[in-house]
Each structure stands twice: as structure tokens, then as C-alpha cells.
Amino acid sequence: MATGDHNQMPTITEAHCETPIVEDVDVLVCGGGPAGICAAIAAARSGARTRLLEVHGALGGIWTVGMLAWIIDAADKGGIISEIVDQLEQRGARRFRSDKGRDFAYDIEIMKLVLEDMASEAGVQLRYHTRVVAATRDSNNRLASVITESKSGREAWTARQFIDCTGDGDLGSLAGCGFDLGLPDTGRCQPMSLLCLLTGIHFKEIEHFVGGGWAKPKDLLRAEMERGGHSPSYGKPTLFRIRDDLFCLMANHEYGVSALDAQQITDATVRARAEIHRLVDGLRGLGDPWSDIRMVASGAQIGVREGRRIRGRYQVTVDDLITGARHEQGICRCTFGFDVHALDSSADKGIDHSITGGKPSLPYDIPIGSLIAKDVDGLMMAGRCISGDFLAHSSYRVTGDAAALGQAAGVAAALAAKAAILPQDLPWSDLRTGLEAIGHSLPRDMPLPS
Ligand SMILES: Cc1cc2nc3c(=O)[nH]c(=O)nc-3n(C[C@H](O)[C@H](O)[C@H](O)COP(=O)(O)OP(=O)(O)OC[C@H]3O[C@@H](n4cnc5c(N)ncnc54)[C@H](O)[C@@H]3O)c2cc1C
């Protein structure tokens with residue numbers, strides 16, 4: 001059986017290869033998810049020649065190829081993420097909102113278009129279908145190049161500054177950075193989930209399975225799925241209403257799957273797709289209001305909650321959430337709390353509240369240091385692969401925060417490239433001015449929570 005651990009396997013020696021340097025830019029962003037797209041646009045708007053490399057054929061990561069249609073904690077962030085929200089609104093694609101109006105659903109296909117339009121207007125050079133597979137450092141321990149593979153073969157890209165927005169911390173790891181993964185004692189990670197889009201159902205007829213409080217609709221939906229013959233592997237199955245006849249479904253949990261093992265991810269994807277089809281078929285078999293329910297698409301990429309957390313010059317910790325940390329150089333205020341999905345199927349398969357010991361969290365700030373790699377120079381991180389511990393990551397991983405972290409990293413990388421210095425040497429006053437220039441909201445200017 002193929003696994004991610006190749007240590008014990010026989011090997012072959014490949015021919016030495018000369019890799020062409022296809023481009024030299026100011027800022028190279030790897031990964032085009034919520035963090036990457038905001039990083040690239042922010043860098044380009046801050047005057048940097050910017051290239052974005054993405055393995056899939058669309059921008060957005062979990063927002064689009066992952067088929068999530070629900071943005072959490074984007075309110076009050078300013079900058080690119082606020083413009084994305086405005087663009088969705090203007091195109092009629094920002095849909096139903098949470099009770100307090102801060103979180104919202106959106107139309108995934110319009111999101112793809114908005115992101116490409118904004119990237120193109122900002123002058124970001126895009127390369128799709130291209131995977132980052134290696135990196136080189138110079139004699140000063142500075143990241144010198146990124147190597148990719150694609151239909152164009154093996155290519156090298158050089159830059160003044162690099163940003164790892166791969167979610168799983170691929171670039172940081174390839175560059176030689178230390179990282180953390182999962183729980184400190186076991187390495188166990190949160191489950192993956194394959195998301196899908198459903199149609200053939202109508203909001204008015206299934207309202208009590210969708211809205212009105214956090215737990216009740218999910219418990220009702222789970223009971224309905226069980227009545228249809230299948231108990232979902234995610235104990236709190238959720239329907240996100242995008243339009244009155246279009247919904248996103250999250251009903252699957254794949255436990256104990258490593259984000260670093262392609263065979264495990266493949267097996268999980270196959271299992272998950274079969275499960276969500278079974279659940280939908282079971283509902284259809286119940287008759288009205290489910291008699292016409294159809295799955296119109298499942299994610300091209302199973303949703304990965306956890307990958308590597310690259311070690312940075314500051315590590316966000318559980319204590320930051322409990323005390324509501326503030327920092328002189330804070331660049332993002334997170335208001336979403338702990339969110340650890342069950343790590344195995346032994347309990348209720350929903351959210352694991354026991355792991356935090358029932359401790360509440362307060363809004364807290366993330367400083368720029370957690371976006372700057374500790375072990376290799378010239379490398380920043382944004383999104384879920386920044387430097388933090390297991391519990392802190394369960395909070396700041398949501399996409400509103402990932403996007404805000406991205407735009408802060410993009411500005412810092414662009415300014416550092418322009419000044420020919422490292423991001424850690426960038427004066428805070430310069431970064432602050434640069435962030436204000438793209439409309440980014442700084443936490444220290446926000447009102448304290450009452
Ligand atoms: C099932 C699930 C449900 C969630 N629910 C919510 C929710 O309701 N609301 C919310 O706001 N957040 C939610 N989250 C959290 C959130 O989606 C993620 O933490 C978020 O995706 C972080 O953004 P990112 O840009 O860091 O990573 P990603 O979205 O994972 O983007 C990484 C990008 O990098 C690309 N990439 C990866 N490796 C390479 C490589 N080697 N070379 C080139 N490109 C590469 C990927 O294709 C992808 O486009 C959920 C997550 C999951 C998995």
C-alpha cells in the first residue's frame with residue numbers, strides 16, 4: 001500500500017536536471033485560496049511585480065474548488081476582503097446572512113469570476129495548474145527560488161519575497177522550515193470534509209432544517225438523514241442556503257486522514273463522495289419535500305481543516321484567545337472562537353467542546369511576527385499555515401481571517417521587496433502606512449469589545 005512515509009522504500013536515482021528560471025518577480029505567492037488571492041492583490045496594489053501560482057484551475061481554494069459557500073469573520077476587516085464582499089453584493093451573489101449579519105453565503109461561480117477580475121485589475125500574473133514541488137535557499141539562508149511542475153514541465157521562479165499561502169504549508173516545509181501538525185502529543189488533526197451543492201429543494205419547505213439557531217436544524221437534519229437510512233459521519237450536518245433552491249451541504253467527516261499523504265486523501269475523497277451521494281439518495285427516497293433533491297457538484301478538493309503550521313517569529317496560542325491578546329504590531333483581529341471538529345468517531349461526531357475545557361475565547365489580535373518564517377529568511381505565511389498552536393488554529397483558520405492575514409502579508413512582502421530588506425526589518429510605521437493605503441483595518445484602531 002502506498003503511504004506518505006517513504007523512508008523504508010527502495011529508491012531510484014533520477015537524472016540531474018537543469019531547471020529553467022522562467023520568471024523573476026518582486027513577490028511570489030504560492031496558493032490562490034482566500035489568503036493567497038488577498039496577498040497577491042495587496043502586493044500588486046502596493047507596487048510589487050506579483051506572480052500567483054495555483055495548482056487548481058480557479059482562484060479561491062476552499063471558497064470555490066472546495067465548494068464552501070459560507071464566509072465567517074470577514075466583517076470590519078477592510079481592504080481586499082471588504083472589496084470582495086462588495087463585489088459579490090453588487091453582482092447579486094452575496095446571499096443569506098447569519099442572524100447577526102456578519103457571516104454570509106455566496107454564489108461560488110460568481111466568486112470565481114470576482115477573484116479573477118480583481119486579480120487581473122490589480123496586475124497579478126496568474127499561473128494555474130501548477131504545483132509547488134521544491135524550493136532552494138542561498139548561502140545566507142534566504143529563500144531563493146520555488147520549483148514547480150505542470151504541463152510546462154519543471155520550472156523555477158525567483159523573487160525578492162515569497163509568501164506561503166498553500167494552506168498546508170507546502171512551501172515552508174520544502175524550504176526547510178520547522179512546523180507543527182495537529183495535537184502536540186499525537187499529531188492528530190481535525191477531520192476533512194467533502195462539501196457539495198444541492199438543488200431540487202426549496203427553502204420554504206425545508207426551512208426548519210436550515211435556519212434558526214446553531215444546533216437544532218442540524219439535529220433535525222441528522223434525524224431526517226437517519227430516517228432516510230444513513231447516519232452522517234458528521235454529527236451536525238449543515239445546509240447553507242445560497243439561493244432559495246441552491247444549498248451547500250456539509251455532512252461528512254473523514255477522521256484521522258493526513259493532509260500530507262496523497263493516498264490517504266484519495267481514499268478519503270472516494271469514501272466521502274460515496275457517503276454524501278448515499279445521504280442525498282436517502283433523503284430523496286423519503287419523498288416530499290426531498291423528492292427532487294439532486295447533487296449538482298461535489299468539491300474538486302476535499303476540505304482540509306488542518307495542515308502544517310509553519311513556525312514563525314511569533315506563535316499564536318490558546319492563551320491569546322483566552323486573554324484576548326493585543327499587540328503593538330497587531331494586523332488582524334479575530335472574533336471567531338474555538339472550533340474543533342470531533343477528532344474521531346467515538347463520541348457524537350460533531351464539535352469537540354471538551355478539548356478546550358469549556359474555556360470561552362475573547363476577540364484577540366494576530367501580530368505580523370506570526371506571518372514571518374522563523375527558520376528561513378524572505379518567506380512569509382498567510383492563512384491557515386501561519387504560526388500558531390492547535391487550539392488557536394481552530395479559530396483563526398476561518399476564511400475572513402485568512403483573507404485579512406493574506407492582505408497584511410502581501411503589503412509587508414511588497415514593501416520589504418521595494419526596500420530590499422527582510423519583512424522582520426520593515427519599520428512598523430511603514431507597514432502601517434502601507435496597510436492603510438489598501439484600506440486594511442488595523443486592530444488597534446478598532447473599538448474594544450464591550
Ligand atoms: C470542511 C471545511 C469547512 C469549513 N467551514 C468554514 C466556514 O463555514 N466558513 C469559513 O470562513 N471557513 C471555514 N473553513 C475554514 C477555511 O476554509 C480554511 O481554513 C481556509 O481555507 C483557509 O484559507 P487558506 O487560503 O489558508 O487555504 P486554502 O483555502 O486551503 O487555499 C490554499 C490554496 O493553495 C493551493 N495549493 C495548495 N498546495 C499547493 C501547492 N503545492 N502548489 C500550488 N498551489 C497549492 C490550493 O489549491 C488552494 O487553492 C472550513 C474548512 C473546511 C475544510
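How do the residues of the shell around the ligand divide into nonpolar, polar and charged? They divide into 17 nonpolar, 13 polar and 7 charged; Gly counts as polar here, and the charged class is Asp, Glu, Lys and Arg.

The model is predicted: local features need pLDDT of at least 70, side-chain atom pairs count only at pLDDT 80 or more, and totals for chains, interfaces and linings use all residues. Residues are numbered from 1 along each chain as its sequence is written.

Show the whole protein chain first. The chain has 11 helices and 18 strands, which are DSSP runs (helices H or I, at least four residues; strands E, at least two) numbered from the N terminus. The C-alpha trace spans about 65 × 60 × 45 Å along its principal axes.

Next, select the ligand. Around the ligand are 37 residues, of which Gly 31, Gly 33, Gly 61, Gly 303 and Gly 383 come nearest; a residue is near if its C-beta atom, placed from the backbone, lies within 6 Å. At least two residues of this shell come from each of H1 (34-45), S3 (70-71), S7 (131-137) and H10 (399-419).

Now move to the open sheet of 4 strands, ordered S12-S13-S11-S14 with antiparallel pairing; strands pair if DSSP finds at least two bridges between them. S12 (238-243) and S14 (294-298) are the edges, each with a single partner strand, so one side of each lacks a neighbour in the sheet.

Select S11 (residues 196-199) with S14: 4 bridges join these antiparallel strands. Thr 199 is found opposite Arg 294 in S14.
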